[in-house]
Amino acid sequence: GVVFNDDLHAQVIDVQVSGSYLGPSYFAIKKGTRLHDLLAHIPINPELTDNKSVYILRKSVAEKQKQILVDSLDRLERSVFTVPVSSDGAVTIRAKEAEMVMLFSEKARKVEPLGKVIVSELGHTANIILEKGDQIVIPHYTDLIQVGGEVLMPQAVVYNPNASIDDYVAWAGGFSNRADDEKIFIVRANGNVIFDATAKIARGDQVIVLPKVDAKIMQSVKDITQIIYQIAVAANVAVN
């Protein structure tokens with residue numbers, strides 16, 4: 001017999017809009033629609049909306065980030081369990097390290113990457129083709145800086161144009177005893193992640209302090225540090 005496939009639905013995809021805008025949150029759009037076409041139909045209040053910092057959360061990117069993270073954790077675990085040891089003392093140290101790596105890995109595997117696609121830079125927004133399930137984020141203008149990670153009192157602090165990163169950390173109670181005071185990352189309003197403790201803070205930034213990995217007790221310090229960075233970029237969180 002002849003089978004008819006109704007492929008009409010494949011020509012329409014659903015996307016979501018979140019953040020600072022007026023109107024509906026879900027849109028059914030034609031396949032091949034570009035970001036600018038959709039943004040032209042979304043009313044905003046220009047005084048409240050940072051429409052120069054739009055970014056996209058994309059499922060396919062999140063899945064790819066998750067796979068890269070899982071692969072990194074698999075490699076880390078293999079490296080800890082396959083290193084030869086030469087003495088009883090080394091066996092004890094290795095066993096302790098293996099236990100810590102497994103705890104870290106267990107926590108890190110629960111991280112769900114955001115799948116951020118950075119489309120806005122220096123006031124320009126790239127006109128990319130939208131994918132099914134995309135979430136278009138239009139940030140609010142805000143005078144607050146979020147400070148989190150390894151600080152004593154994670155909180156929102158009012159933006160001060162004269163303040164440095166150290167000032168914001170101090171206003172959040174200072175570094176915790178697990179903090180690496182040289183490993184701080186900034187998440188810009190447009191979703192961009194910057195690892196530069198001397199960078200100028202802008203309105204709407206998040207400042208996140210990463211934990212330190214003790215080189216004295218962890219042979220795999222380099223691998224773990226790379227994974228901590230990977231998680232910071234993919235999920236905007238600090239895993240200790």
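## The sheet

Valine 147 stands opposite glutamine 155 in E9. The model is predicted: local features need pLDDT of at least 70, side-chain atom pairs count only at pLDDT 80 or more, and totals for chains, interfaces and linings use all residues. Residues are numbered from 1 along each chain as its sequence is written, and side-chain values use heavy atoms, with hydrogens and water left out.

Strand E8 (residues 144-149) pairs with E9 in the antiparallel sense, over 4 bridges. Pairing requires at least two DSSP bridges between two strands. Strands (E, at least two residues) and helices (H or I, at least four) are DSSP runs, numbered from the N terminus.

The open sheet has 5 strands in the order E9-E8-E12-E10-E11, with mixed pairing. Its edge strands are E9 (155-158) and E11 (193-194), each pairing on one side only.

## The helix across it

Helix H5 (residues 221-235) lies across strand E10 (179-187), E11 and strand E12 (206-211). H5 runs at about 160 degrees to E12. Axes are lines fitted to C-alpha atoms, for helices over the stretch in contact; angles run from 0 to 180 degrees between N-to-C directions.

## Two serines in H2

Serine 72 sits in helix H2. Its relative accessible area is 9%, so serine 72 is buried (under 20%; exposed is over 50%, partly exposed in between; 1.4 Å probe, protein chains only). Neighbours within four places in sequence aside, serine 72 is in contact (heavy atoms within 4.5 Å) with Ile227 and Gln230.

Serine 79 also belongs to H2 (residues 59-81). Serine 79 counts as partly exposed because its relative accessibility is 26%. Serine 79 and serine 220 are 141 residues apart in sequence, yet 8.1 Å apart in space, C-alpha to C-alpha.
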